Amino acid sequence: MPIRVLSQSLINKIAAGEVIERPASVVKELMENAIDAGATRVDVAVEQGGLEMIRVVDNGGGIPSEELPLALASHATSKLTDVDDLFRVGTLGFRGEALASIAEISRMVLSSRTPDSDGGAELETVGGRVGEVAPCGRPVGTSVEVHNLFFNTPVRRKFLKTTQTEFGHVAEAFTRIALAMPRVHFTLRHNEKLAFELTTSDGWLDRIARFFGRELADQLIWVENADGEIGVSGYVAHPSQSRSHNRMQYFFLNGRHIRDRALQHALSESYRGIMMTGRYPIAFMALRMPPEDVDVNVHPTKLEVRFQDSGRIYGQLLSTLRNKFLTTDLDTRVRTEGTDFGSETGPGFAATDERSAASAAATNQTAQWRQQLVDWAKGRVESWDRPDGGGAEAVAFGPRREDGGSALNSMPLRLNPLARSARFSPENPQDQTADDAPSFAENNVETGGVPTGEEFARIDSGSTFRQPSALQIHNRYLVTESEEGVMVIDQHALHERILYEHLRNRIDAGALETQSLLVPEPIDLSAGDSAVALEYADLLAELGLKIEPFGGDTILISSYPAMLANFRPADLLREVLDKIQAGGKRPERRDLLDELLHMIACKAAIKAGDRLTTDEIQSLLEQRHLVEDSHHCPHGRPTALIFTRDELDKQFKRV
Ligand code: ADP
Ligand code: MG
């Protein structure tokens, strides 16, 4: 094919492909233009997530009527005059391609009026074809209305998500600009309903609260530092408030929202040692520096920038935060980690009495749940149909040993000598390291894992199936005899699997136990999260998490899975939403449900470190067959390891 110069229309479409990915990109570009025009008020309205219509109205300086066609021409801008300007950009826009790009792929009406003209003028474009400038009556400022975005680029249109998801992106774009510009009055409407109204009387913190909730905002810590011309200031969250993703890390450079890996890294570094690994800090940081010290022309949507001295800004952010943490008494505000809310959720605050009451209630709930588990298992065992005496006995200790020895006697006799043999190991003296052997026995004593003589006496007098069927060691493993040898069970992993199977069966039968809240709980989410929550409301309901919209980005939770009685519904919902969005792409329904069941099971299960009673141990083992019989293939970590008798014999040089 010969080389050809592309038509302007094609050039614009290509540019549009880079700049305009979805309705939210249009919202971003139009809002930026309004800010650049000096507007003090910007009203954004979208219909159907922006798929139908996007309108941005401002009260800025306007465009003279004779320049309207120019504003739509590509590479036409009023913001740069020479090359030097490119290296000291003081405006949000400068490339002159946004309006041209949007006009190319939609029907667009641009209307404007400058302060010194008597009336306004408007210009309509359809798919890049520019109409005639016509006079119109309007106040000073500019309005851009975009209909049928991507109507002539069907491939792009196909990639768009649901209305709710697209609106989530729109709201995120709106959030970023509104957070960067606290002195501008903004509104956002979706399908004629007011989603946000942000007045200028509020401070930055109020704005953060409007978007992310009072609870979060009230706990933020102010940080500030200036080093010559470079200033760093903003709010960071207490280390006990974290997220499983980094979307709550907002960086603003000279009033522009940016994303920067180095800054994110500096943030994480500053929290190192005071935040659990795998968690991400929350931050709203504003950076100031001379425009010539940063290149904003490295990314089509200007989301990324290049610092002339990135090491300096990295160091300054890190040291500012580090110093703040060192001089702040963080402890007084934190709950102890890994208690009732589970270390995997990340601890919440215990700032109020209300919360400590909640935590006490949660402890009770845990005890109750455990008791239920025990009762349930007992019920099963009692009604147990044992045609061949199989089932749980395969894992319970002793009753079917070939030597016919009594299970009751065998327990202490078999296990205690095992512990002792590690110390003496007469047949294998070289294994007798002073460190290993005593620690095994001593830890057992310390943690109380080995049943005491008294306990055994108590058990002896009980019914047959109250025998301790396994030994709990280090409060995390259960050691028991299996047909083949010795089995070591991971108590958390096993319980998690059992609960998972239980949940799966219940869901398949459409009967998951849920707990209704007496008073539905409102939670403030980010706009993106609330959109996702509503989009997945049906799936969440299947999990027992019933939600409904409650105005703005507040969601009302009315029930939650009964198994998670000791979690705060709000924390649970947030985590579920993180999970849904974790992969980036839209998850398959089945996979997602499965993943969420795993998450619930994991949270509800006893933890490593939990001391179990004999009943609980028994109960766990009795339910083990549920896992073994299951048709769902097990995934994740193993629940048990087996050391075969042959292997033991070999190790002890008996063969
Ligand atoms: P850029 O913002 O990069 O200059 P755009 O395509 O977004 O490019 O806009 C082109 C030009 O149109 C701007 O340089 C500006 O002069 C004018 N313009 C666009 N939107 C507005 C607005 N809301 N108010 C005043 N002028 C505007
Ligand atoms: Mg622009």
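**Close-up views of ligand 1 and its chain**

**View 1. Polar contacts of ligand 1 in the predicted model.** The side chain of S78 has an N or O atom 2.5 Å from an oxygen atom of ligand 1. In the side chain of D58, an N or O atom is 2.9 Å from a nitrogen atom of the ligand. A polar backbone atom of A98 is 3.2 Å from an oxygen atom of ligand 1. Polar contacts here are pairs of N or O atoms within 3.5 Å. On its own, ligand 1 has 530 Å² of accessible area (Shrake-Rupley method, 1.4 Å probe), and the protein covers 92% of this area.

**View 2. The shell around ligand 1.** Two or more residues of the shell come from each of α2 (23–36) and α5 (98–104); helices are DSSP runs of H or I with at least four residues, numbered from the N terminus. Of the 19 residues around the ligand, N33, T77, S78, K79 and G96 come nearest, where a residue counts if one of its heavy atoms lies within 4 Å. The shell divides into eight nonpolar, seven polar and four charged residues.

**View 3. The chain as a whole.** The chain contains 23 helices and 23 strands, strands being DSSP runs of E with at least two residues. Among its 655 residues, 49% are buried, that is, under 20% relative accessible area with a 1.4 Å probe, protein chains only.

**Notes.** Residues are numbered from 1 along each chain as its sequence is written, while chains are lettered from A and ligands numbered from 1 in the order in which they are written. In this predicted model, local features need pLDDT of at least 70 and side-chain atom pairs pLDDT 80 or more, whereas totals for chains, interfaces and linings use all residues, and side-chain values use heavy atoms, without hydrogens and water.

Conventions: Buried means under 20% relative accessible area, exposed over 50%, partly exposed in between (1.4 Å probe, protein chains only). A polar contact is a pair of N or O atoms within 3.5 Å; within protein, one must be able to donate a hydrogen and the other to accept it, and residues adjacent in sequence count only if both atoms are side-chain atoms. Ala, Val, Leu, Ile, Met, Phe, Trp, Tyr, Cys and Pro count as nonpolar, Asp, Glu, Lys and Arg as charged, and the others, Gly among them, as polar.
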